[in-house]
Amino acid sequence: MSLDDINVWVIDSSALIEMKLIVPVNQQWAAFRHLEQMVSDGSIALPRHVINEVGHMTHPDMPGAWATGMRDRSPHSPQADYAYLCHVMKVSGDVVDVNKASEDADPWVLALALQLQESMLLKICVVTEDTVDRNRISMITACERLNLRSCQIRDFLDHCGITMRSAPPNPEDA
């Protein structure tokens, strides 16, 4: 699947969390600065629910601090219209984790992606690490049901030219 024609990447919380594990620590600042520019120029959209979810993690780290700083940077609204959320819930409502103590960001990610795709006629890709159907459907399955393109964070970072860790770090290098 070619990712070259994507206009906007809608980032899920799971992708941001995974990013800190695959981008070497000494390259994270540059990587997140690159993503910051992509948010500012409108090629990344972040639903407010993702910003809140990642920003309120127990131990804030690079993704959490970065996401919080992106709150007012995007030209895209961080809030999807309720009609799109209703459509997501009708078609893929079983994406919601009913065991989650806080509001689940997943349906809002999907709703924003749908809204950008349908109302602005943009080519959208949802970036997520949620790929396995368990007690609920995964984001990948929900994207398929909603006719949204999706990819994992490694594919997205590769497309953006951001270097990733190919092997576990050598403790002697620390």
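## A first look at this predicted protein model

Ile 51 sits in helix α3, which covers residues 48-55. Helices (H or I, at least four residues) and strands (E, at least two) are DSSP runs, numbered from the N terminus. This is a predicted model, so local features need pLDDT of at least 70 and side-chain atom pairs count only at pLDDT 80 or more, while totals for chains, interfaces and linings use all residues. Residues are numbered from 1 along each chain as its sequence is written, and side-chain values use heavy atoms, leaving out hydrogens and water.

**Overall build**

- The protein has eight helices and four strands, and they come in the order β-α-α-β-α-α-α-α-β-α-β-α along the sequence.
- A compact globule of 174 residues would have a radius of gyration near 16 Å, and the protein agrees, with 16 Å; the value is taken over C-alpha atoms, and the globule rule is 2.2 Å times the number of residues to the power 0.38.
- Along the principal axes, the C-alpha atoms fill a box of roughly 50 × 35 × 30 Å.
- Among contacts with a separation of 6 or more, 77% link residues 24 or more positions apart (contact means heavy atoms within 4.5 Å).

**What's inside**

- Of the 174 residues, 47% are buried, meaning under 20% relative accessible area, with exposed over 50% and partly exposed in between (1.4 Å probe, protein chains only).
- The largest nonpolar core has 56 residues, and Trp 9, Leu 46 and Phe 156 have the most contacts inside it.
- Helix α6 (residues 106-119) gives this core its largest share, eight residues.
- A nonpolar core here is a set of buried Ala, Val, Leu, Ile, Met, Phe, Trp, Tyr and Cys residues joined through side-chain atoms within 4.5 Å.
- Nonpolar side chains tend to be buried together in soluble globular proteins.

- Leaving aside neighbours within four places in sequence, Leu 46 is in contact with residues including Ile 11, Val 39, Ile 51, Trp 66 and Leu 112.
- Ile 51 counts as buried because its relative accessibility is 1%.
- Beyond four places in sequence, Ile 51 touches Leu 46, Ala 67, Thr 68, Met 70 and Arg 71.
- The C-alpha atoms of Ile 51 and Ala 65 are separated by 9.4 Å, with the two residues 14 apart along the chain.
- Gln 115 belongs to helix α6 and is buried, at 12% relative accessible area.
- Residues up to four places away aside, Gln 115 touches Gln 79, Ala 80, Asp 81, Tyr 84 and Met 120.
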